[in-house]
Amino acid sequence: MGFFDIFKKNKAEKTDKTAKPAKKEAEEKKATPRDAAAPATSGLPAVDLGELLPGAPKNGKIKLAIYWAAACGGCDVSLLDTNERILTIGDMADIVMWPIAADGKEKDIAAMGDQEITVSIINGAVRNSENEHMVKLLRQKSLLVISYGSCACFGGTPALANLVDGKDDILDYVYTKTPTTANFQEQCGHKSAPIIPQNSYQAPEGELTLPLLYDTVKSLDQVIDVDYSIPGCPPQQESIAVLLKALVDFVYNGVALPPKGTMIGVTTKTLCEECPRHKENRRITKICEPHEVDVDPELCLMDQGILCLGPATVGGCGAKCTRVGQPCRGCYGPTEVVQEQGASMFTAVASLFPVLEEDPTCSEDEIIDIMSTVKDPLGYFYAFSMSKALIKRKVSEKGGQ
Amino acid sequence: MADFEPKIVAFCCNWCSYAGADGAGVARLQMPTNFRIIRTMCSARIDPEFVLRAFSKGADGVIILGCHPADCHYIGGNYRARRRIALLRMVLEQYGFDPKRLRLEWVSASEGEKFQKTMVEFIDTIKALGPTPMKEE
């Protein structure tokens, strides 16, 4: 622990030294009018990550597995947000699997007894046979499974793949239609029979296999039983702190864990409750992107015509995006009482459009013209929650008589 | 396909369309029995989630009936509703549904005949479109 004591001390000294000039600078900045326009990033309290872990627990180390299913990998990186505590996690737990950082393999997990792993943190949606096999295996071998990140909780960005016709459509597009692959297929003489990944291939050395891609991307809790969920893309430091505290209290002091099914790190109200921006409830007639307008740093983004999913998204992240002028994209998912995040969002958006003088006489087509300033409503409003929507994938009309 | 009897969910507002439907009944106007009416206080009470839920449970069509523009009991509820429905129709189209499966119509309390005509028309449209593309889970 010596290293950390020194580390902490150094850090404390450093902040002491730098504190004064920073204050001065702030005062100087205040004098300039530019400061008034600076986004209100302050006001966010520092996250309390708790004390460093006090060595090995009395009853021996717990076993921890972290798995990466269909996701970008940002969730794995976000676990490092525990600052220097990440270095002491090894005192508390044996990391039996963490594909990005540790050496545990599928066969090691398969050789374990049921419920031998204490906690499995799984990020990512389930979209192929390998994901499904691994999450089912980890469920069998673990006491607790934590669904970590928006992809695991709601399908996330991978679930937007549900809006095309199916896996063949995806493979066909990716391997024959994009300019790089189309050129390759043509130049190498595969245009008539394009090369597309196969699930199994008979090589001279033996059979090679690839996981089977599924037509529909599912969230983790649609495949296995999940104990806790932590939404976010990626989950914020606050959420990780809550999780870490619960685990540490449980392992070291025997404090009971939160009830099963708890959403960790979310509030009960929407993001708008946390957002420091000033709301005027203005009416809008045109939707624009943040780069198209001069974003007012104080005013609500919706008032400025920027489509922000704050009204339909649960709070807990501290409104970090809207504080810096970026609209909320809804990664924390809907509030507890709502199932359809997208539907509650377009209820909110539609209400922002003003009633026009010609409204009593205009036709439904004119209303569609007005509303078509919202581009790609399905993809935008369900950017993170497609797997949890009431209608989970694209349908195709058969055509009647 | 000849024996296809569509299931239709009809949302009627309390003040105009439900009374209109009542009027159609009192006047003994003949109508097919393919629709189930759900009464709401206003057409703006219809959350797009209700409509999506109806489609996800296998409804072949959803029709929303409200007061005529400028006639809303709550002054502007139907203006809100029509904007929502416009957006919802765009979403359904992106999902791959035929947008004709969702219809918005204005029926006042005295228009029993219009109610009957609208429903007959809508049921014919849905019959022509065939069963919902939504697969049963």
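This is a predicted model: local features need pLDDT of at least 70, side-chain atom pairs count only at pLDDT 80 or more; totals for chains, interfaces and linings use all residues.
## Domains of chain A

Chain A is divided into domain 1 (62-156 + 219-253), domain 2 (159-215) and domain 3 (271-388). The C-alpha centres of domain 1 of chain A and domain 2 of chain A are 30 Å apart. Where these domains meet, domain 1 of chain A gives 7 residues to the contact and domain 2 of chain A gives 8 residues.

The size of an interface is often given as the accessible area lost when the parts come together. For domain 1 of chain A and domain 2 of chain A, the area buried between them is about 650 Å², with 51% of it on carbon and sulfur atoms. Three residues, Arg127(A), Asn128(A) and Ser129(A), supply 64% of the area that domain 1 of chain A buries against domain 2 of chain A, more than any other three residues.

On the side of domain 1 of chain A that touches domain 2 of chain A, strand 4 (126-128) and helix 6 (129-141) of chain A each supply at least two residues. Helix 6 of chain A provides the largest share of that side, 3 residues. By class, that side has no nonpolar, 4 polar and 3 charged residues.

## The interface of chain A and chain B

Glu397(A) forms a salt bridge with Arg101(B), with the closest N and O atoms 2.7 Å apart. A network of salt bridges links Asp359(A), Glu364(A), Arg82(B) and Arg83(B).

Arg103(B) is found in strand 4 (residues 102-106) of chain B. Its relative accessible area is 19%, so Arg103(B) counts as buried, the cut-off being under 20%. Leaving aside neighbours within four places in sequence, Arg103(B) is in contact with Val62(B), Ile63(B), Ile64(B), Arg89(B), Thr118(B), Glu121(B) and Phe122(B). Met90(B) is 13 residues from Arg103(B) along the chain, and their C-alpha atoms are separated by 12 Å.

The side chains of Arg103(B) and Glu105(B) are joined by a polar contact of 2.9 Å. Glu105(B) is also buried, with a relative accessible area of 17%. The side chain of Glu105(B) meets that of Lys114(B) in a salt bridge (3.5 Å, N to O). Lys114(B) is partly exposed, with a relative accessible area of 28%.

Asn34(B) is in the loop between helix 1 (17-26) and strand 2 (35-40) of chain B. With a relative accessible area of 6%, Asn34(B) is buried. A polar atom of the side chain of Asn34(B) lies 3.0 Å from the backbone oxygen of Pro6(B). Not counting residues up to four places away in sequence, Asn34(B) touches Glu5(B), Pro6(B), Lys7(B), Ile8(B) and Ile123(B).

Glu5(B) forms a salt bridge with Lys127(B), the closest N and O atoms being 3.8 Å apart. Glu5(B) lies in the segment before strand 1 (8-13) of chain B and Lys127(B) in helix 4 (residues 112-129) of chain B, so this pair ties together parts that are 122 residues apart in sequence. Glu5(B) counts as partly exposed at 49% relative accessibility, and Lys127(B) counts as partly exposed at 25%.

## Salt bridges over all chains

A search of the whole structure finds 23 salt bridges over all chains. Another pair in chain B is Asp98(B) and Lys100(B), whose side chains meet in a salt bridge (4.0 Å, N to O). Lys100(B) is partly exposed, with a relative accessible area of 48%.

Methods. Residues are numbered from 1 along each chain as its sequence is written. Chains are lettered from A and ligands numbered from 1 in the order in which they are written. Side-chain values use heavy atoms; hydrogens and water are left out. Domain bounds come from an automatic or database domain assignment. Contact means heavy atoms within 4.5 Å. Buried area is the accessible area (1.4 Å probe) that two parts lose on being put together, summed over both. Helices (H or I, at least four residues) and strands (E, at least two) are DSSP runs, numbered from the N terminus. Ala, Val, Leu, Ile, Met, Phe, Trp, Tyr, Cys and Pro count as nonpolar, Asp, Glu, Lys and Arg as charged, and the others, Gly among them, as polar. Buried means under 20% relative accessible area, exposed over 50%, partly exposed in between (1.4 Å probe, protein chains only). A polar contact is a pair of N or O atoms within 3.5 Å; within protein, one must be able to donate a hydrogen and the other to accept it, and residues adjacent in sequence count only if both atoms are side-chain atoms.
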